[in-house]
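Reader: I am new to this structure. Please take one part of it and look closely.

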Amino acid sequence: MENKIIINDKIFIFNEHHGCYEGCCKIWGNEVQTVIEVKDEPPDILSPILSRLEWLNANREKILDAFLKENSYFVDTINEMIDNKEFEADSHITLADFRAALFILYLNFELDSAGVTCSFDLDAKPDYLLGHLAFMTVDEKYNIKNDSING
């Protein structure tokens, strides 16, 4: 493995102890801690990662739709908490407010001869996920899956 790779002008350093590249990528306008796990030493590391990064940035709404399909109840929960003075806010939130608050906190790629998959944690600011993170995956065929709410 090379000691470092460069992706979109960002340097990723190979961590021998963990067996992966570590660095940051810009996703949805934010710097995101990113790990790239490479198995089977495929001939091309950069192209599949660049393609997946481009897809993630272009498909924010699709990703959020998949998340909200199972988790839109957070909006009602937050609004009830606001009514009960358990969540500090000037007014009730809307689904649009909730969507706008979501961002990717951590990003992980797994690259092998079959292709590239990625997983990531969604977080929210303000903390509409109430201290939790939403773990999601995108497989080789770009199928998006809600895996769990963590924390």
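Which residues are linked with Arg60 in a network of salt bridges? Please describe the helix around them too.

Author: This is a predicted model, where local features need pLDDT of at least 70, side-chain atom pairs count only at pLDDT 80 or more, and totals for chains, interfaces and linings use all residues. Residues are numbered from 1 along each chain as its sequence is written, and side-chain values use heavy atoms, with hydrogens and water left out.

The network links Arg60 with Glu61, Asp65 and Arg99. A salt bridge here is a side-chain nitrogen of Lys or Arg within 4 Å of a carboxyl oxygen of Asp or Glu. Side chains of opposite charge can pair when their charged atoms come close. The whole structure holds 7 salt bridges.

Aspartate 65 and arginine 99 meet through their side chains at 2.8 Å, N to O. The two residues are 34 apart in the chain, and their bridge links distant parts of it: aspartate 65 sits in helix 2, arginine 99 in helix 4 (residues 95–101). Helices are DSSP runs of H or I, at least four residues, numbered from the N terminus.

The two partners differ in exposure. Buried means under 20% relative accessible area, exposed over 50%, and partly exposed in between (1.4 Å probe, protein chains only). Arginine 99 counts as buried because its relative accessibility is 16%. Aspartate 65 has 42%, so it counts as partly exposed.

Now the helix itself. Helix 2 covers residues 60–71, which makes 12 residues. From first C-alpha to last, helix 2 reaches 16 Å, close to the 16 Å expected at 1.5 Å a residue. That expected span is 1.5 Å times one less than the number of residues. Buried residues in helix 2 include Arg60, Ile63, Leu64 and Phe67. Ala66, Leu68 and Asn71 are buried as well. An α-helix has 3.6 residues a turn, so residues three or four places apart point the same way.

Arginine 60 lies over the face of tryptophan 28, 4.8 Å from the ring centre. For this, NZ of Lys or CZ of Arg must be within 6 Å of the ring centre and within 35 degrees of the ring normal. Phe67 belongs to a cluster linked by ring pairs, together with Tyr73, Phe74, Phe87, Phe98 and Tyr128. Rings of Phe, Tyr and Trp (its six-membered ring) pair if their centres lie within 6.5 Å; planes under 30 degrees apart count as stacked, over 60 as edge-to-face and the rest as tilted.
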